[in-house]
Amino acid sequence: SPSAIIAPSILSADFAELGRACSDTIGQGADWLHVDIMDGHFVPNITFGAPVVTKIRSHVAKPTQKHGKGTFDCHMMIAEPKKWVKEFKNAGCDLYCFHYEAAIDSTAVESPEERSEKKTSPKELIRYIHDQDMLAGIAIKPDTSVDVLWDILENTDENERPDMVLVMTVHPGFGGQKFMASELPKVTELRKRYPNLNIEVDGGLGPGTIDQAADAGANVIVAGSAVFGAKDPADVIAKLREAVDK
Ligand code: DX5
Ligand code: ZN
């Protein structure tokens with residue numbers, strides 16, 4: 001697997017001290033910041049939007065290279081992922097990770113005509129994100145089969161291939177939920193076929209669950225409550241990294 005990338009989820013940070021929390025976690029050894037965007041439609045919770053991302057960007061230096069330190073990994077738990085690509089680019093997002101389920105069926109669209117018009121194929125959306133000079137990620141929820149990804153990953157056009165796959169290990173919407181080991185066979189299967197792919201896991205990760213995820217082949221590790229709830233966040237970040245790189 002590629003080397004570990006540790007991406008603390010700022011969902012568990014103190015939102016009233018967000019700028020400080022973001023720069024602190026980078027100082028404690030984090031590689032990326034995992035930025036959870038929820039719209040109250042795709043998931044039953046609301047977090048924040050692009051104006052907040054703009055503000056936290058001023059506390060964290062832009063990465064000097066693709067995938068580099070300080071990458072804003074925006075996890076878009078939103079019903080209309082295409083609509084917000086430019087806005088998040090302008091806010092300082094580096095990696096725009098949309099949900100497969102939202103790309104194929106926009107729940108915000110009412111009529112069948114409108115639905116087919118606004119429907120975006122994952123490949124088109126990846127190309128559109130790349131056109132805005134961001135990395136593109138594709139996420140799948142626990143109820144979605146990993147099989148939906150093969151056609152997208154096998155695309156011969158590099159512009160339409162994702163730079164990362166996110167396998168959710170909880171039902172998206174809230175921090176602090178229990179890790180679902182049932183999702184790890186998806187990671188194993190992805191790793192078997194794609195030795196160099198960045199495979200991210202998100203939900204319930206911490207010192208107690210990292211070994212299973214690392215053994216399956218995940219290398220991009222999101223951890224919210226385990227990092228922000230820790231007495232010594234730097235130590236947790238180091239432990240997560242060690243488990244992946246061992
Ligand atoms: C859940 C979010 C996660 C969440 C993880 O919907 O996508 O990123 O913050 O939180 P923990 O690590 O506490 O499970
Ligand atoms: Zn997330």
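## Zinc donor spacing

In this predicted model, the donors of the zinc ion (ligand 2) are spaced H-x1-D-x38-H-x126-D along the chain. Donors here are N, O and S atoms within 2.8 Å of the metal (3.2 Å for Na, K and Ca), and water is not among the atoms, so sites may look incomplete. One pair ties distant parts of the chain together: His34 sits in strand β2 (residues 32–38) and His75 in strand β3 (residues 71–77), 41 residues apart. Strands (E, at least two residues) and helices (H or I, at least four) are DSSP runs, numbered from the N terminus.

The coordinating atoms come from His34 (NE2), Asp36 (OD), His75 (ND1) and Asp202 (OD), at 2.1 to 2.2 Å.

Ser9 is in the loop between β1 (5–8) and α1 (18–27). With a relative accessible area of 5%, Ser9 counts as buried. Setting aside residues up to four places away in sequence, Ser9 touches His34, Asp36, Val222, Ala223, Gly224 and Phe228; contact means heavy atoms within 4.5 Å.

Gly204 is in the loop between β7 (198–202) and α9 (210–216). Gly204 is partly exposed, at 31% relative accessible area. Beyond neighbours within four places in sequence, Gly204 contacts Val170, Gln177, Phe179 and Thr209.

## Reading the numbers

Residues are numbered from 1 along each chain as its sequence is written, while chains are lettered from A and ligands numbered from 1 in the order in which they are written. Local features need pLDDT of at least 70, side-chain atom pairs count only at pLDDT 80 or more, and totals for chains, interfaces and linings use all residues; side-chain values use heavy atoms, leaving out hydrogens and water.

Note on methods
Buried means under 20% relative accessible area, exposed over 50%, partly exposed in between (1.4 Å probe, protein chains only).
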